[in-house]
Structure formats: C-alpha cells, structure tokens
Amino acid sequence: MRHYILTIPAVLVVLCSVMNAQGKEEFKVKLGEVKANILSVLSVNFVEVIEDSRCPTQANCIWAGRARIKVILEHQNGDAVTVEFSTEPDHNNVTFGGYRIHLVKLEPYPSAEKAPAEKEVTAIFSFQKA
C-alpha cells in the first residue's frame with residue numbers, strides 16, 4: 001500500500017510534464033462569460049451561438065451539420081478582434097496575440113429530446129504558443 005501512495009505523486013508529475021510538453025492548454029468558456037487572463041495575456045468573451053445545425057443525437061440526418069460561434073479575443077496590450085469559430089475543421093482555428101486558438105468542441109451536443117439551456121452552452125478552446 002505504501003508503494004502505491006508514493007507512486008501516485010510520481011505519476012501525476014509525469015502526466016503534467018506530458019501535457020506541458022505538448023504546449024497546449026484547454027479552457028472552458030460559457031456563453032455570455034468573459035474568461036480573463038488566459039495564459040496571463042488573453043481574454044475570451046463568448047458572445048453568441050450564431051448557428052447550431054449539428055445533427056442531434058438519436059436522429060438520422062443527411063448532413064452532420066455544424067455549429068458557429070462568435071467570440072471576442074482581447075490581448076493584454078489592448079488589441080482585440082471579433083472572430084467566428086466553427087466546428088468544421090477548416091474554420092476552428094485562429095492565430096491572435098502570438099497564440100494559436102482552436103475550438104475543440106461546443107457542449108452540450110444537441111439532443112432530439114431537448115434543447116440545452118443557454119447557461120449550459122460551453123465552448124472548449126485550446127491555446128498554443130504560435
């Protein structure tokens with residue numbers, strides 16, 4: 001038992017090192033929220049969901065659909081830009097303030113049974129030094 005207790009911190013240190021070696025950090029931002037001081041230099045304001053035509057779970061669709069969101073990015077130096085991200089692979093990245101910002105996913109995924117409440121909508125972004 002004692003060996004397991006000593007091993008757990010070592011495993012956590014290794015996992016943290018792997019995450020930092022990749023150079024990506026993920027942040028969740030709820031709709032209407034401003035997440036400030038991301039990586040100590042950026043703020044993200046998740047303004048609106050422009051479109052969410054993703055095929056709901058438990059539905060048969062011809063097209064997988066997509067989600068589009070509007071976000072305001074602001075650098076600590078005062079530079080700001082309004083950008084649109086999409087769940088489509090060609091439109092889910094932007095470079096701003098020396099960072100590559102990637103929309104990982106938009107949650108929750110649509111359900112045929114019930115539309116998510118606005119307060120539940122969350123965008124997950126990854127940030128990587130450009």
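Modeller: Cys61 has 39% relative accessibility, so Cys61 counts as partly exposed; here buried means under 20% relative accessible area, exposed over 50%, and partly exposed in between, using a 1.4 Å probe and protein chains only. Its partner is Cys55: a disulfide joins the two, with 2.0 Å from S to S. Cys55, at 12% relative accessibility, counts as buried. A disulfide is a covalent bond between the sulfur atoms of two cysteines, and the test applied is a pair of cysteine sulfur atoms within 2.5 Å. The link of Cys55 and Cys61 is right-handed, with 80 degrees about the S-S bond. Searching the whole structure turns up one disulfide.

Please keep in mind that this is a predicted model, where local features need pLDDT of at least 70, side-chain atom pairs count only at pLDDT 80 or more, and totals for chains, interfaces and linings use all residues. Residues are numbered from 1 along each chain as its sequence is written, and side-chain values use heavy atoms, leaving out hydrogens and water.

For another kind of side-chain contact, turn to the rings. The structure holds three aromatic pairs; rings of Phe, Tyr and Trp (its six-membered ring) pair if their centres lie within 6.5 Å, with planes under 30 degrees apart called stacked, over 60 edge-to-face and the rest tilted. Phe27 and Phe127 make an edge-to-face pair, 5.5 Å centre to centre with 75 degrees between the planes. Ring pairs also link Phe27, Phe85, Phe125 and Phe127 into a cluster. Both Phe125 and Phe127 are buried.
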